[in-house]
Amino acid sequence: VLLPLDVPGALAVRERLAGARLVLLKPPGHHPDPAVAAAFELALTHDLTDRVADELVGFLGSSYPTPAGPRVRG
């Protein structure tokens, strides 16, 4: 499940669910405080939605089979 949370909300989820995997989505040019970034397993710059989606699937895995052909873009 992907949840859109602020940093305190994400840390609260981790307190209750130790196995939660936290991903920080940050806008281009934003450099979070190092202590905040250290609380997350992965930090992604949200500049291209397709790239971010591919990185999330690579990080979290997918229960869907790999498509037979390339995705159509555009």
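Leaving out neighbours within four places in sequence, alanine 39 is in contact (heavy atoms within 4.5 Å) with Leu11, Arg14 and Leu22. The model is predicted: local features need pLDDT of at least 70, side-chain atom pairs count only at pLDDT 80 or more, and totals for chains, interfaces and linings use all residues. Residues are numbered from 1 along each chain as its sequence is written, and side-chain values use heavy atoms, without hydrogens and water.

Leucine 22 sits in the loop between α1 (7–16) and β1 (23–26). With a relative accessible area of 7%, leucine 22 is buried, a term for residues under 20% relative accessible area with a 1.4 Å probe, protein chains only. Residues up to four places away aside, leucine 22 touches Ala10, Leu11, Arg14, Ala39, Phe40, Glu41 and Leu42. Leucine 11 is eleven residues from leucine 22 in sequence, and their C-alpha atoms are 8.5 Å apart.

Ala10, Leu22, Leu24, Ala39 and Phe40 form the largest nonpolar core. Such a core is a set of buried Ala, Val, Leu, Ile, Met, Phe, Trp, Tyr and Cys residues joined through side-chain atoms within 4.5 Å.

The protein chain has three helices and two strands, in the order α-β-α-β-α from the N terminus. These are DSSP runs: helices are H or I of at least four residues, strands E of at least two.

| Property of the protein chain | Value |
|---|---|
| Buried share of the 74 residues | 15% |

How values were computed: Buried < 20%, exposed > 50% of the residue type's maximum accessible area, 1.4 Å probe, protein only.
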